[in-house]
Amino acid sequence: MRAAVFAEPGPASVLQIVDRNLPLAGAGEVRVRIVLSAVNPTDTGTRAGRGVPDGVAPPRVPNQDGAGVVDALGVGVTDLEPGDRVWVWDAGYGRADGTAQEYVVLPRQQVVRMNDDIPFETGADLGIPALTAHRCLTVAAGGPARLAPGALDGWTVLVAGGAGAVGNAAIQLAKWAGATVITTVSSKEKEVLAFAAGADTVIDYRAEDVVARVREVCPEGPRLIVEVSTDNLDADLDVVAPGGHIAIYVGGRFSVPSFKAMLKNASLDFVLTYTTTPEEKANAVAAVTEAVGAGAFRVGEEAGLPILRFPLDRIAEAHEAVENHAVGKVVIEVTAP
């Protein structure tokens with residue numbers, strides 16, 4: 001089989017296509033033929049040598065997320081069949097083998113069945129983006145542990161960066177759960193995408209006063225903020241509701257205007273999908289699967305997330321597209337559907 005491998009950390013050019021032996025599925029494992037492998041910023045970070053530390057050294061096959069079909073079952077796996085359409089999560093976390101290869105073997109729990117009418121493009125977006133969004137939307141004290149229709153009835157959620165993959169997922173999942181959603185974007189093009197995702201109010205932060213607009217549409221303040229940039233923290237604390245939560249899923253160092261946070265009795269919650277608890281992960285996987293099955297979570301330009309395709313031979317270009325902040329979801333065509 002063909003696989004993309006990097007033997008040492010570095011720029012996208014370190015990725016090479018090699019031939020490897022077909023892996024065997026052991027007890028409790030599933031071998032998946034990958035149709036689409038998705039690229040996330042965390043994947044490019046790992047390849048560059050500045051990703052989430054997981055104790056695994058190169059050589060490695062990159063990319064955590066993907067979708068495909070079940071190819072073989074290990075002993076003890078009885079609830080899947082060869083040919084089932086599936087999506088996978090955290091494929092390359094703590095393991096050397098991600099989804100940028102024709103076949104990958106994973107523990108059964110990391111392989112999720114999806115209906116036959118669900119596009120592979122959707123399945124490839126259900127790992128890091130959707131699971132991160134679910135955790136961000138469930139961190140609040142007194143809030144739901146698992147999203148479902150009505151779980152966020154009466155809530156207003158502010159999603160920063162509504163045209164990004166996590167932002168798009170947060171909008172769609174919050175709307176499915178009943179929330180009113182405000183989101184911020186940086187251009188008219190992205191405004192169109194955020195509305196397509198289902199946002200109720202879209203604010204162009206380069207052309208509008210975000211604090212004034214949020215206060216205009218939600219005087220009491222959003223109960224929950226899903227935050228992609230810590231540069232927004234001052235504004236977040238200006239508008240968040242008393243006792244509200246700010247879920248932060250981006251790394252880096254920053255200072256906290258603590259008195260402003262104290263005045264609101266606000267909470268800052270830090271989210272990394274890799275290291276959520278087993279219960280949190282199970283709730284996220286179950287909720288996201290339900291939302292997809294109900295038609296409440298989609299991808300594509302009509303759903304606010306354009307699909308950008310690359311063949312496996314051009315995986316370096318795919319990684320560079322993510323590093324250059326391409327608008328949309330970058331996927332790699334690994335095998336034929």
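Q: What must DSSP find before two strands pair?
A: Two strands pair if DSSP finds at least two bridges between them. The structure discussed here is a predicted model.

Q: How many bridges join strand β4 to β5, then?
A: Strand β4 (residues 65–73) is joined to β5 by four bridges, and the two run antiparallel. Within that pairing, Ala67 has Trp87 of β5 as its bridge partner.

Q: And which residue of β7 is the bridge partner of Trp87?
A: That partner is Val112. Strand β7 (residues 111–113) and β5 run antiparallel and are joined by three bridges.

Q: Are the two faces of β5 covered or uncovered?
A: Both are covered. In strand β5 (residues 85–88), Arg85 and Trp87 lie on one side, Val86 and Val88 lie on the other, and all four are buried.

Q: Changing topic: which strands form the open sheet, and in what order?
A: Six strands form it, in the order β10-β9-β8-β11-β12-β13, and their pairing is parallel. The edges are β10 (201–204) and β13 (267–270); each has a single partner strand, so one side of each is left without a neighbour in the sheet. Direction ignored, neighbouring strands are turned against each other by 20 degrees on average.

Q: Which helix packs on that sheet and touches β8, β9 and β10?
A: Helix α6 (residues 210–217) does so, and its direction makes about 165 degrees with that of β10.

Q: Which helix belongs to the β-α-β unit of β11 and β12, and what is the unit's handedness?
A: The helix is α7 (residues 233–239), and the unit it makes with β11 and β12 is right-handed.

Q: Which way do the residues of β11 point, and are they buried or exposed?
A: Leu224 and Val226 point one way from strand β11 (residues 224–227), whereas Ile225 and Glu227 point the other way; all are buried.

Q: Now the core: which residues touch the most other members of the largest one?
A: Those are Trp87, Leu137, Leu147, Leu173, Val226, Val288 and Phe297, in a nonpolar core of 55 residues. Helix α4 (residues 165–176) supplies the largest share of this core, with seven residues. A second, separate core has 30 residues, including Val39, Val86, Leu106 and Leu312. In soluble globular proteins, nonpolar side chains tend to be buried together.

Q: What is Phe297 in contact with, leaving aside its neighbours within four places in sequence?
A: Its contacts are Thr122, Asp125, Leu126, Ala130, Ala169, Gln172, Leu173, Ala291 and Val292.

Q: Last topic: how many disulfides are there?
A: The count is zero. Cys136 is in no disulfide, and the nearest cysteine sulfur belongs to Cys218.

Q: Is Cys136 buried or exposed, and what about Cys218?
A: Cys136 counts as buried, at 0% relative accessibility. Cys218 is buried too, with a relative accessible area of 2%.

Note on methods:
Residues numbered from 1 in each chain as written. Predicted model: local features only at pLDDT ≥ 70, side-chain atom pairs only at ≥ 80, totals over all residues. Heavy atoms only, no water. Disulfide = S-S within 2.5 Å. Buried < 20%, exposed > 50% of the residue type's maximum accessible area, 1.4 Å probe, protein only. Core = buried A, V, L, I, M, F, W, Y, C linked by side-chain atoms within 4.5 Å. Contact = heavy atoms within 4.5 Å. Right-handed = clockwise from strand over helix to strand, strands pointing away. Axes fitted to C-alpha atoms, helices over the stretch in contact; angles between N-to-C directions.
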